[in-house]
Amino acid sequence: MTTQFKMDAPQRPLLDRTEQGVIHRPLDRPEGPLKVSGRAHYAAERQLPGQVEGVLVRATIARGRLAGMNAEEVRAMPGVLGVFSDERFLRNPAQGGAGEAPVQGVREIFYHGQPIALVVAETLEQARHAAANLRPSYEEAEAQVDPATASDVDRPDKRRLDQGDLDRAMAEARASVDVTYTTPPHHSAAMELHASVASWEGERLTLHGSYQMLKYNKAELADSLGIPEENVRVLSPFVGGGFGSKLGISPEAVAAAIAARDLGRPVRVVMTRQQVFSMVTHRTSTRQRIRLAADEEGRLTGIGHEDRVYNLPDEVFSEPTTQSTHFLYAGANRRLGQEVARVNRACTGSVRAPGEAVGMLALEGAMDELARVLHMDPIDLRRRNIPDRHPEQDIPYSARRLADCMDQGARAFGWSPGSRREGEWLVGQGMAAAARINMVAPSEARVTLRGDGTALVETDMTDIGTGTYAILGQIAGEMLGLPVASVDVRLGDTDLPPAAGSGGSHGASSAGSSVFLACQGLRATLAERLGCEAEDLTLKDGVATGGNFRADLVDLLSGGDLSEEGKFEPGETADDASQAGYGAFFAEVAVNRITGETRVLRMLGTFAAGRILNEKTARSQCQGGMIWGIGAALTEELSFDPRDGHAVNDDLAEYHLPVNADCPPIEVHFLDERDEMSCPIQTKGVGELGISGAGAAVLNAIFDATGIRVRDYPATLDKVLAGLPD
Amino acid sequence: MRPFDYVRAEDTGSATEAARGGATFIAGGTNLLDLMKLEVMAPDRLVDITRLDLGAIERTEVGGLRIGALVTNADLAAHGTVRRNYPVLSRALLAGASGQLRNKATTGGNLLQRTRCHYFYDTSQSCNKREPGSGCAALGGINRIHAILGASEHCIATHPSDMAVALLALDAEVETETADGARRMRPLADLHRLPGDAPDRETVLADGELITAVVLPSAPRGHQAYRKARDRASYAFALVSLASVVAVENGRIARASLAFGGLAPKPWRDPEVEATLIGEVPSEELFDRAADVLLREAKGHGHNDFKIPLTRRVLKAALREAAGMEKPA
Ligand SMILES: Cc1cc2nc3c(=O)[nH]c(=O)nc-3n(C[C@H](O)[C@H](O)[C@H](O)COP(=O)(O)OP(=O)(O)OC[C@H]3O[C@@H](n4cnc5c(N)ncnc54)[C@H](O)[C@@H]3O)c2cc1C
Ligand code: SF4
């Protein structure tokens with residue numbers, strides 16, 4: 001049976017009335033022991049009988065045509081089984097949720113680093129050496145690699161908004177700022193390298209991959225190869241970090257499938273770290289002009305936010321930089337807009353919190369600047385500008401505790417800005433608001449109550465390190481009155497009911513709701529068997545009570561399995577209210593007076609994001625997000641060569657992710673909240689909220705400590721140094 | 001990785017013998033293996049020296065220290081005598097790489113590690129060091145980490161070691177052995193060459209010449225310190241580093257051994273800077289003069305221009321600290 005539900009009206013919180021008491025608890029992730037003991041097998045660890053190794057070869061020009069290559073010579077090298085260069089190869093990965101093939105082809109070259117061939121050999125060493133000896137020849141064409149000077153620039157309509165008269169608001173403002181912030185190209189640099197093992201049985205392809213959204217990936221893979229979707233199975237039970245870079249099918253999967261078909265043997269293709277930096281999607285740089293106009297009390301009368309980003313020609317994705325600017329603050333006069341420069345650089349796409357991750361860096365920096373102009377506490381300024389209704393769409397907000405987050409966060413942190421000296425260091429504090437839109441997506445799951453009184457949850461949902469295994473087990477356990485140890489969760493297999501996938505922080509709400517719905521169906525059946533109304537049914541520790549009846553679950557099941565599918569769909573509540581997660585970041589930093597180096601001394605985030613399903617995994621998400629904020633603020637920048645546009649610092653020694661020594665104690669607090677407009681389990685996205693604005697708190701703290709306003713992220717020492725006295 | 005022969009040497013004689021006529025020694029492998037996987041280095045033959053008896057740290061007759069070439073960075077940093085008498089060395093080592101790497105990395109390998117120039121690592125780019133005569137892509141490219149001193153129009157790469165900078169400030173000598181069994185001692189200052197028009201030739205060592213030890217003189221007088229400015233708090237190479245051994249006696253500077261990292265193709269020490277300081281009364285003006293001397297030929301390449309003011313600031317801070325002076329507000 002199937003329980004179907006569309007989110008057209010607010011939903012009362014049933015999960016607050018169930019009795020098992022496992023929701024919200026900081027439970028360990030059930031797959032943790034497998035991971036720390038090496039028994040959780042990731043894609044690259046698959047070893048199928050007869051498996052051989054493929055290594056991708058990249059283009060070394062920025063634009064032009066592939067004229068030829070010494071394939072014959074390379075085929076003759078020891079161990080080499082084949083050199084593949086096929087028009088079905090992907091130019092770049094599919095964008096998240098595309099469900100169809102991205103741009104394909106190897107003849108036409110659009111960027112330095114584009115995959116143009118796959119060399120397959122018996123061993124990895126042979127394949128790698130042969131790949132290094134494959135020498136393509138090219139007909140080079142003129143390339144454009146600099147987004148600032150690119151001649152081909154799009155101005156998407158969907159990103160344009162002109163409301164009222166911003167120029168006039170600026171001219172008449174009692175206080176205003178007109179500033180330009182920049183953020184650099186940014187890479188998710190997930191720990192697990194992108195990898196696929198492809199094998200065929202007749203017409204049927206099985207791909208062990210590392211992907212976030214399997215139902216789409218299956219469709220993208222089938223479309224890329226020109227085969228029916230039914231013939232493709234994708235497996236991703238464990239994913240070592242995705243952050244958007246594993247949303248869409250990527251080149252190694254298609255290349256592995258093509259080679260495996262031809263050779264009649266399973267083929268494994270694992271990207272090198274250097275290849276990951278050019279072959280999967282990264283986040284564009286942004287140049288953002290922010291204008292804020294305010295009256296003498298600090299009430300905003302106008303907001304302008306215009307940005308320039310880049311992507312390859314023909315890519316529809318562009319970073320939604322101004323996403324939260326639409327709804328976060330008041331101001332009658334508004335102008336938003338975007339330019340997308342078309343450049344010959346690796347593809348850009350969704351990276352954790354597309355939009356807010358960079359848009360909030362600029363907006364929250366500018367708000368800090370406005371507070372300084374007004375001599376106002378930055379929290380007061382923000383509080384004063386929390387709108388009653390959406391300033392552009394005139395709809396209400398769903399649950400929104402931004403003011404509470406700022407106030408409670410300030411208290412917990414000991415908010416007391418003002419520079420002080422400690423030896424060679426200048427210390428100061430900064431804050432920023434957090435905001436990230438909330439989304440849900442269609443998702444399906446099957447829950448089976450087994451005759452022995454245990455349960456099985458099945459869906460093709462993924463766990464990319466976020467805690468999906470844990471929370472889906474908790475939801476089922478709560479709804480069915482079982483301890484989590486009695487619930488098994490199977491994920492990451494397209495033979496299971498199709499889920500929303502992990503992306504846009506919508507996984508927990510969407511997949512969680514589908515599990516909830518399936519359990520609701522099961523509860524109805526159990527209530528019937530017990531002889532009570534579904535509303536009166538209580539399930540706890542394997543015992544059902546309701547009306548005047550009481551029975552052991554096992555007896556109600558009488559040895560048989562009971563299975564139910566849950567299908568969740570977004571509905572009208574998505575348009576009826578502006579939904580977002582909110583929060584506040586606080587940072588204390590020390591800036592070295594000699595070198596300009598910045599160290600974050602401590603950081604705190606307070607968040608309101610609907611119901612928190614598992615306090616531990618949610619906390620980890622927010623801490624991780626804030627570490628990303630530190631990276632954005634201080635260390636991370638992917639450099640592209642000004643001549644051929646190749647990714648220059650393409651390894652983890654030179655692409656500077658924050659390391660432990662960069663990460664101070666990070667405190668996370670959650671406010672109690674239910675968002676009844678979001679989904680039947682009243683949750684909102686958590687995974688991206690913790691990054692959305694975090695870096696701005698750090699740069700605002702640098703200003704507090706030194707009086708130096710860095711508007712060019714990241715605030716590496718050279719940018720601070722320039723403003724320090726001798 | 002290109003196929004190669006592998007020889008495991010049992011003693012220094014067999015190691016240098018095996019290396020005669022072109023071979024590459026492998027110690028910790030933390031640098032060499034990365035480069036071999038990328039085919040930036042593609043030796044025909046590897047001579048594994050990890051079984052050699054070069055792992056000891058011993059007192060010398062004159063009260064110094066002899067550090068075997070295979071002593072790991074971790075062991076050297078933790079050694080009691082080093083921490084007591086040569087704290088600048090300990091600090092420099094601990095400021096480098098990560099715990100895991102320091103457990104593998106050796107004293108000899110650290111001295112001879114190759115540059116971290118991005119273009120050197122990328123075989124799709126021109127690089128005179130990797131492929132003599134092909135050009136230098138770092139000029140006109142991303143050169144934030146590159147040299148401001150001692151470079152040439154053919155190569156602007158830096159030497160990345162922290163350890164070597166401290167050893168240079170401590171007047172270390174390098175002991176080597178050649179295939180004919182000859183032993184040599186050279187000042188560390190003479191080990192590395194400047195690039196000139198042959199950036200592929202990085203040291204004065206002969207083919208197959210094995211580093212057997214590094215020898216330190218007895219503990220120096222004065223205040224020892226290691227400063228390292230970098231792009232993150234740990235696990236990043238120096239943008240500018242400074243190992244200093246400075247003694248102030250009777251109100252005047254009596255010793256000023258100042259070695260810099262991150263600035264040049266080799267660990268950098270400038271006798272004229274030291275001559276400017278020695279015998280003088282510490283003052284802001286004096287320190288500025290020393291910085292002027294140090295940076296008289298400094299040349300930025302765009303992204304790394306900031307290293308010039310940064311070096312001045314780091315130098316002055318170190319001198320102030322040694323002289324017990326405060327930074328003026
Ligand atoms: C990610 C990363 C970060 C790092 N960060 C830092 C840092 O911050 N600071 C820093 O100083 N270093 C850093 N390092 C470099 C590290 O210190 C060196 O890789 C290490 O010291 C090399 O020692 P090894 O024994 O592994 O050398 P190997 O890799 O084995 O050899 C390096 C070279 O030395 C030669 N060689 C080795 N021993 C001898 C000998 N006895 N005689 C003659 N030739 C010899 C080899 O032939 C080879 O050419 C980092 C390395 C990595 C990978
Ligand atoms: S700086 Fe030196 S190592 Fe770097 S590309 Fe130029 S020649 Fe090669």
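The domain assignment of chain A, whose bounds come from an automatic or database domain assignment, gives domain 1 (2–40 + 440–574) and domain 2 (397–438 + 579–721). This is a predicted model, in which local features need pLDDT of at least 70 and side-chain atom pairs count only at pLDDT 80 or more, while totals for chains, interfaces and linings use all residues. Residues are numbered from 1 along each chain as its sequence is written, chains are lettered from A in the order in which they are written, and side-chain values use heavy atoms, with hydrogens and water left out.

**Domain 1 against domain 2 in chain A**

- The C-alpha centres of domain 1 and domain 2 of chain A lie 33 Å apart, and 35 residues of domain 1 are in contact (heavy atoms within 4.5 Å) with 24 residues of domain 2.
- The two domains of chain A bury about 2400 Å² between them, 54% of it on carbon and sulfur atoms, where buried area is the accessible area (1.4 Å probe) that two parts lose on being put together, summed over both.
- His24(A), Ser505(A) and Ser509(A) supply 21% of the area that domain 1 of chain A buries against domain 2 of chain A, more than any other three residues.
- Between these domains of chain A there are 3 salt bridges, each a side-chain nitrogen of Lys or Arg within 4 Å of a carboxyl oxygen of Asp or Glu.
- Arg674(A) and Asp16(A) form a salt bridge in which the closest N and O atoms are 2.8 Å apart.

**Chain B**

- Chain B has 12 helices and 12 strands, these being DSSP runs (H or I, at least four residues, for helices; E, at least two, for strands) numbered from the N terminus.
- The radius of gyration of chain B, taken over C-alpha atoms, is 20 Å, close to the 20 Å that the globule rule (2.2 Å times the number of residues to the power 0.38) gives for 329 residues, so chain B is as compact as a globular protein of that length.
- Taken along the principal axes, the C-alpha atoms of chain B fill a box of roughly 60 × 50 × 35 Å.

**Chain A against chain B**

- The contact between the chains takes 42 residues from chain A and 41 residues from chain B, and the two chains bury about 3300 Å² between them, 54% of it on carbon and sulfur atoms.
- His129(A), Ile594(A) and Glu654(A) supply 16% of the area that chain A buries against chain B, more than any other three residues.
- Across this interface there are 3 salt bridges, and the side chains of Arg144(B) and Asp718(A) meet in a salt bridge at 3.2 Å, N to O.
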